[in-house]
Amino acid sequence: YDCLGPGASALPSTGPAILLADGQARYLDATPGVETLLDVPAELVLRQTLADFTPPDSHRDAERAWAAFLAAGQATGTFEILRPNGERRLVAFRAVADCPRRGIHASVLSAPDAPPDSRSVREIVADAFPEASFAAA
């Protein structure tokens with residue numbers, strides 16, 4: 001559950017905040033919108049995990065939520081992130097497993113009060129990563 005959703009972007013000027021992660025919640029790619037949301041350059045997000053952006057007192061809940069997401073194949077909700085400066089921030093997410101391909105999981109993040117994006121997570125990811133090969137829907 002490493003995505004935020006209903007709205008697709010943290011700030012309109014940065015585009016959608018999308019994280020792609022492997023099965024161990026290790027981030028493989030991120031859009032510029034993630035930089036604004038997490039306050040970390042996208043290249044520094046890579047190879048970090050969900051736990052790296054989760055407050056220590058929430059690690060166990062995050063692990064359970066990640067396992068539930070993988071089992072269900074999708075998830076929507078909110079969770080609290082920990083930014084590098086120590087600030088806690090509530091984010092919304094929409095996540096889809098095996099998107100854009102098997103073993104890679106997409107999360108679209110936003111501020112909880114952002115207007116909803118009517119597109120599916122797969123559509124948002126396809127627009128942000130046009131070079132990605134997509135698994136059959």
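**Entry 1**

The structure I am reading is a predicted model, in which local features need pLDDT of at least 70 and side-chain atom pairs count only at pLDDT 80 or more, while totals for chains, interfaces and linings use all residues. Residues are numbered from 1 along each chain as its sequence is written, and side-chain values use heavy atoms, with hydrogens and water left out.

I wrote down the terms before going on. Buried means under 20% relative accessible area, exposed means over 50%, and partly exposed lies in between, with a 1.4 Å probe and protein chains only. Helices (H or I, at least four residues) and strands (E, at least two) are DSSP runs, numbered from the N terminus.

Which residues of helix α4 (residues 121-128) are buried? I found Val121, Ile124 and Val125. They cover an arc of only 95° around the axis, which puts them on the same side of α4; the arc is taken over the directions from the helix axis to the C-beta atoms.

**Entry 1: the whole protein**

I counted 4 helices and 5 strands in the protein, and from the N terminus on I read the elements as β-β-α-α-α-β-β-β-α. Of the 137 residues in the protein, 45% are buried. The accessible surface comes to about 6,600 Å², and 52% of it belongs to carbon and sulfur atoms; such areas come from the Shrake-Rupley method with a 1.4 Å probe, and for residues only the protein chains shown count as cover.

**Entry 2: the sheet**

In what order do the strands of the sheet stand? I traced 5 strands in an open sheet, in the order β2-β1-β5-β4-β3, with antiparallel pairing; two strands pair if DSSP finds at least two bridges between them. β2 and β3 stand at the edges with a single partner strand each, so one side of each has no neighbour in the sheet. Direction ignored, neighbouring strands are turned by 30° against each other on average, where the axes are lines fitted to C-alpha atoms (for helices, over the stretch in contact) and angles run from 0 to 180 degrees between N-to-C directions.

I then went through the pairs of strands. The antiparallel strands β3 and β4 are joined by 9 bridges, and here threonine 76 stands opposite arginine 94 in β4, while alanine 75 stands opposite alanine 95 in β4. Phenylalanine 79 also lies in strand β3 and, at 7% relative accessibility, counts as buried. The hairpin of β3 and β4 has 5 residues between the strands, and in it glycine 86 takes a positive phi near 90°.

Between β4 and β5, which run antiparallel, I noted 5 bridges, and the partner of alanine 92 in β5 is serine 110. Between β1 and β2, also antiparallel, there are 3 bridges, and leucine 19 stands opposite alanine 30 in β2.

**Entry 3: the nonpolar cores**

A nonpolar core is a set of buried Ala, Val, Leu, Ile, Met, Phe, Trp, Tyr and Cys residues joined through side-chain atoms within 4.5 Å. The largest one has 25 residues, and those with the most contacts inside it are Leu19, Tyr27, Val34, Leu38, Val45 and Leu50. Among the elements that each supply at least two residues of this core are β1 (17-21), β2 (27-30), α1 (32-38) and α3 (59-72). Another core, of 11 residues, lies apart from it and includes Ile18, Leu20, Cys99 and Ala106.

What does valine 45 touch, leaving aside its neighbours within four places in sequence? I listed contacts (heavy atoms within 4.5 Å) with Leu19, Tyr27, Ala30, Val34, Leu38, Val40 and Phe53.

Most residues other than glycine have a negative phi, and most peptide bonds are trans. I therefore looked up the exceptions to this rule. Alanine 25, in the loop between β1 and β2, has a phi near 65°, and at 7% relative accessibility it counts as buried. Aspartate 98, in the loop between β4 and β5, has a positive phi of about 55°, and at 23% relative accessibility it counts as partly exposed. Proline 100 lies in the loop between β4 and β5, and the peptide bond from cysteine 99 to proline 100 is cis, with omega near 20°.
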